[in-house]
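My entries follow in the order I made them.

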Amino acid sequence: MSVSHLYLHSPFCSSRCGYCAFVVEVDALEKRDAYLEALLTELEREEHRLGEIETVYLGGGTPTLMRAPRLERLLAAIRPRLAEGAEVTIEANPETVDRALLESLRASGVTRVSFGIQSFRPHLLAALDRGATPEQGRAAVECARSVGFDSVSVDLLMAAPGQTLDDLEADLQDTLALAPDHVSWYELEMKPGTSLERMGAPTADEDVAADMYRRTVSALEAAGYRWYETANFAMPGHECRHSVAYWSAADYLGLGVGAVSTVGSERWRNASGVDRYVAALGRGDDPLRHRETLDDDTRRRERWMLGLRLDGPIALSWAGPPDHPDAVDRLVGAGLLEASNGRLALTREGRFLQNSVLHELMEYA
Amino acid sequence: MSRVEQDRIRNFCIIAHIDHGKSTLADRILQLTGAVSEREMREQLLDSMELERERGITIKAQAVRVGYTAADGNEYQLNLIDTPGHVDFSYEVSRSLAACEGALLVIDASQGIEAQTLANTYLAIESDLELVPVLNKIDLPAAEPDVHAAAIAELIGVAPDDVLRVSAKTGDGVEDVLAAIVERIPPPSGDPDGPARALVFDSVYDQYRGVVAFTRVVDGELLTRAPLSGMLSGARFEAEETGVMTPWSTPTERLGAGESGYVVTGLKQIGDLRVGDTITTTARPATEPLPGYRDVKPMVFCGLFPVEGDDYPALRDALERLALNDASLTYEPETSQALGFGFRCGFLGLLHMDIVRARLEREHDLDLLATTPNVEYQVTATDGSVTEVRAPADLPEPSRIEKIEEPFVRCSILVPADGVGAVMGLCQDRRGVFATMEPIEQRQQLVYDMPLSEIVLDFYDQLKSRTRGYASLDYELLDHRESPLVKLDILLAGDPVDALSLIVHRDFAEQRGRALVEALRETIPRQMFEVPIQAAIGSKILARETVKAKRKDVLAKCYGGDISRKRKLLERQKEGKKRMKHLGSVEVPQEAFLSVLSIGEGAKSGAKQ
Ligand SMILES: Nc1nc2c(ncn2[C@@H]2O[C@H](COP(=O)(O)OP(=O)(O)O)[C@@H](O)[C@H]2O)c(=O)[nH]1
Ligand SMILES: C[S@@+](CC[C@H](N)C(=O)[O-])C[C@H]1O[C@@H](n2cnc3c(N)ncnc32)[C@H](O)[C@@H]1O
Ligand code: SF4
Ligand SMILES: [Mg+2]
């Protein structure tokens with residue numbers, strides 16, 4: 001069984017944003033060289049699992065803080081394994097890129113850039129502790145496009161503390177004005193331990209959050225984007241193939257601190273902590289890993305959980321039977337689900353209530 | 001243990017308003033008499049049940065014997081009977097009183113006389129007990145012993161100097177209490193040579209030894225292995241063991257006239273030898289039993305249902321076991337359309353209900369759903385027959401009801417003058433009928449006749465909050481009175497939910513219905529569909545609210561690194577859903593069944609608008 005999707009994690013950030021609970025290290029840039037060596041070592045150790053690579057995702061953290069020479073070495077290491085037309089995405093914080101970096105990435109085989117914009121409203125960027133101005137965000141997108149990437153994507157947030165529907169509307173207009181190929185628009189999750197959560201920042205009102213979500217979907221659809229996943233929108237052909245692999249329950253290999261891999265019925269997560277990671281690989285050991293074995297039922301339930309996120313129908317032959325087949329008729333009757341020859345699809349309304357529908361169909365215990 | 005002359009015996013109890021220091025004083029007495037060593041001393045030794053300790057209250061009366069060498073050089077046997085301090089358990093107080101010749105009346109020197117001080121004092125005087133007044137907590141800076149000593153002296157008709165002043169906390173003055181017990185409380189006066197008569201003032205069921213009766217021997221003696229019988233129940237048994245609590249159970253060959261102790265009976269059911277029965281010997285039986293107690297009747301009822309239907313037999317077993325040691329707990333099977341099979345249980349009051357529920361959940365590991373508590377109604381049907389209705393769902397059709405009578409209580413509230421208005425307002429809102437008002441110390445005693453149903457829910461909390469904690473309450477059952485009562489139904493998504501029905505006063509039905517649907521709207525989470533909640537009498541809709549349908553329910557973000565985490569989130573959500581009750585297509589959280597208890601103040605029955 002060979003894996004064709006590869007995630008590479010870069011944990012470094014210049015500061016931690018108020019909402020972020022990712023595996024990140026700040027004030028640790030001096031560890032970048034050692035980290036790169038370790039990451040390349042882990043790649044070598046795990047290479048036997050890889051076939052032709054269809055998609056690569058350089059995520060973070062802030063991968064662009066690794067700077068051009070290190071990223072070039074990393075990309076060179078995987079380049080020989082890339083399939084024809086492979087998708088290679090890098091996450092980028094706008095304030096960390098310039099034309100030279102973007103050109104180097106393009107030349108090293110990166111095809112897709114995903115910018116963390118979050119908002120174009122200065123007061124929200126401040127509330128979220130973001131480092132870039134709206135102008136830096138716009139400039140980065142323009143620059144990436146001019147450098148010739150196949151796809152340019154932007155990440156935005158909704159239901160941020162203090163965000164009004166008017167704020168959202170303005171962000172929608174500013175986003176559409178930039179005409180990115182792909183948009184990820186996430187509802188802010190108040191994660192325990194983040195500074196926003198510890199400050200007791202207000203969570204959005206249930207109705208306002210619903211209005212924001214519905215408004216975002218219709219505005220982006222009206223502009224020609226396909227609502228292909230719960231929080232993701234793409235111009236035709238610009239869907240993120242790497243993410244689609246996750247949502248299709250494909251196998252993937254994740255390398256670096258905090259990265260997760262799923263291969264067959266095995267899932268493992270590398271522990272956090274750059275020093276520990278570097279030391280283990282330096283010794284010739286595996287990094288510290290938390291392992292989990294996925295039994296058939298768990299995998300079936302994950303297929304349903306993931307599959308319902310996508311806009312296409314779920315084939316029962318692929319996903320396996322739902323735990324509560326009797327719920328199907330009820331959900332169809334309620335206008336939330338459509339069923340036809342062995343396939344189930346959420347209706348548009350059903351997609352807004354995806355999680356409720358999932359609980360009706362499946363038993364998570 | 002050697003035979004002790006009756007004049008060397010003192011039987012006494014301690015009575016007090018809650019928190020005035022009864023248990024602490026009992027502890028000091030045990031320590032001072034050497035019954036319990038420093039090492040053995042746990043705070044509030046007599047409050048042995050875990051829950052009692054947790055909530056700092058005394059539930060079960062217990063008797064302890066200690067030895068005390070008085071100033072006259074003689075050794076005395078003191079039998080201390082602890083009494084409960086919560087109004088729910090006031091019947092237990094009267095039990096204990098009947099086994100004593102005297103009582104320590106403990107009053108907090110910073111608080112003075114409270115409602116239960118009065119109630120207990122009257123009970124003790126009615127039972128002809130010698131009262132030894134004790135002002136406790138004199139170590140507190142806020143203590144005003146002189147002021148309160150004068151008031152107490154007046155209340156019970158003694159000289160202010162006769163009021164002892166102690167700190168149960170520091171032990172200061174407790175020696176004088178022991179001396180006063182010996183000097184002031186009369187010894188027992190039964191006939192040591194007559195046929196045996198012993199009053200059962202408490203009994204517990206022990207899985208290995210059967211029913212163990214706590215008893216006060218009035219006449220004659222009980223010998224180990226003597227054939228005995230209960231004069232009221234007729235049960236025959238052998239005294240497998242007689243003994244006393246020191247506070248650990250210590251076998252003795254006999255219990256003589258005037259002594260208190262226990263008898264191991266081997267009886268298999270607590271009903272075979274009830275509290276209030278008189279034990280006598282079969283060889284030489286007494287002719288007249290001792291005066292017993294009025295039967296303890298539960299006053300508050302609620303349905304208890306297992307969250308998991310499979311737990312029904314376990315719930316039945318657990319109730320059976322608890323009832324063995326709790327004569328005031330009753331239960332009968334109940335079937336609810338909404339909640340399935342469960343039991344309608346009877347309790348002395350809300351605290352008793354909470355305690356039983358907590359014990360069922362904790363000691364028997366059951367997940368339970370409780371319905372709104374209600375009182376017992378006497379319903380006279382048009383054909384003249386009278387039934388007792390303990391669940392709203394059991395109320396007959398209105399056309400078949402001649403009249404409904406509800407229990408009334410006499411409610412005594414002590415409150416500082418500036419709280420009188422607030423208390424009167426509250427009592428009137430709760431359909432109270434003013435009886436009397438008179439000053440006691442610097443406070444007023446307000447007496448109202450009130451429907452019990454109006455005080456079982458949150459009256460006490462309301463009273464406390466409206467008087468900033470300065471009011472105290474006591475009540476006793478008075479009679480049943482006819483009231484225009486109706487059944488208020490709650491409909492969820494158009495279907496009536498029997499477990500949510502209430503019996504309410506007609507004039508307050510609409511208001512309460514409105515408050516209840518509002519409370520339910522706040523408790524019931526949004527569902528996939530809109531859920532109308534209606535309150536109705538018969539087919540007449542009085543109030544309506546709507547739980548809006550969910551408009552968004554998605555897990556916002558899900559990437560490769562957090563698939564397991566998202567799956568676990570779904571599992572946790574499922575756990576939450578499991579604790580909900582599914583009524584038709586509506587998921588209702590357990591708290592919803594107690595929504596009446598959370599109805600905002602004023603809305604409860606009839607705050608004038
Ligand atoms: N300062 C002080 N506190 C006391 C004294 N006696 C009891 N207490 C405290 O008052 C509270 C109630 O006492 P407790 O004996 O449980 O009262 P009961 O409800 O009458 O049994 C506890 O917190 C005791 O520690 C005393 O003499 N002085
Ligand atoms: C892990 S970040 C890494 C990319 C980059 N460092 C950045 O901040 O743009 C990827 C995206 O996840 C989203 N994200 C991070 N924390 C989130 C949260 N608490 N709730 C919702 N989305 C979040 C943000 O939109 C962010 O762009
Ligand atoms: S830059 Fe991105 S990864 Fe880094 S702290 Fe902020 S949100 Fe998290
Ligand atoms: Mg106590």
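**Entry 1: a charged network.** I started with a network of salt bridges that links E42(A), R45(A), E46(A), R49(A), D286(A) and R289(A). My cut-off for a salt bridge is a side-chain nitrogen of Lys or Arg within 4 Å of a carboxyl oxygen of Asp or Glu. By this rule I count 73 salt bridges over all chains.

**Ground rules.** This is a predicted model, where local features need pLDDT of at least 70 and side-chain atom pairs count only at pLDDT 80 or more, while totals for chains, interfaces and linings use all residues. Residues are numbered from 1 along each chain as its sequence is written, chains are lettered from A and ligands numbered from 1 in the order in which they are written, and side-chain values use heavy atoms, with hydrogens and water left out.

**Entry 2: the A–B interface.** How many residues does each chain bring to the contact? I find 43 residues from chain A and 28 residues from chain B; contact means heavy atoms within 4.5 Å. Next I looked up the area. The size of an interface is often given as the accessible area lost when the parts come together. Here about 3,400 Å² is buried between chain A and chain B, and carbon and sulfur atoms give 55% of that. This buried area is the accessible area (1.4 Å probe) that two parts lose on being put together, summed over both. On the chain A side, N355(A), H359(A) and Y364(A) lose the most area to chain B, together 17% of what that side buries.

**Entry 3: polar links across it.** I count nine salt bridges between chain A and chain B. I also count 23 residue pairs in polar contact between the two chains, both residues at pLDDT 80 or more. A polar contact is a pair of N or O atoms within 3.5 Å; within protein, one must be able to donate a hydrogen and the other to accept it, and residues adjacent in sequence count only if both atoms are side-chain atoms. The side of chain A that touches chain B has 23 nonpolar, six polar and 14 charged residues. I then picked one salt bridge, K552(B) with E187(A), whose closest N and O atoms are 2.6 Å apart. Elements that give two or more residues to this side of chain A include strand 8 (182-187), helix 8 (206-222) and helix 15 (354-361) of chain A. Helices (H or I, at least four residues) and strands (E, at least two) are DSSP runs, numbered from the N terminus.

**Entry 4: S564(B).** Which residues does S564(B) touch, not counting residues up to four places away in sequence? The answer is R267(A), E292(A) and E302(A). A polar contact of 2.6 Å joins the side chains of S564(B) and E292(A). S564(B) sits in helix 13 (residues 563-578) of chain B. With a relative accessible area of 11%, S564(B) is buried. The burial cut-offs are under 20% relative accessible area for buried, over 50% for exposed, and partly exposed in between (1.4 Å probe, protein chains only).

**Entry 5: chain B overall.** I count 14 helices and 33 strands in chain B. Of its 609 residues, 58% count as buried.

**Entry 6: salt bridges inside chain B.** D219(B) pairs with R197(B), the closest N and O atoms being 3.0 Å apart. D219(B) is in strand 8 (residues 210-219) and R197(B) in strand 7 (residues 197-206) of chain B, so the pair ties together parts that are 22 residues apart in sequence. Both D219(B) and R197(B) are buried. I compared this with R506(B) and D507(B), a salt bridge at 4.0 Å between the closest N and O atoms. Both R506(B) and D507(B) are exposed.

Entry 7: Most residues other than glycine have a negative phi, and most peptide bonds are trans. I noted a cis peptide bond between G60(A) and G61(A), with omega about 20°. G61(A) lies in the loop between strand 4 (50-60) and helix 2 (67-78) of chain A. A493(B) has a positive phi of about 50° although it is not a glycine. A493(B) is in the loop between strand 27 (485-492) and strand 28 (495-496) of chain B, and is partly exposed at a relative accessible area of 35%.

Conventions:
Ala, Val, Leu, Ile, Met, Phe, Trp, Tyr, Cys and Pro count as nonpolar, Asp, Glu, Lys and Arg as charged, and the others, Gly among them, as polar.
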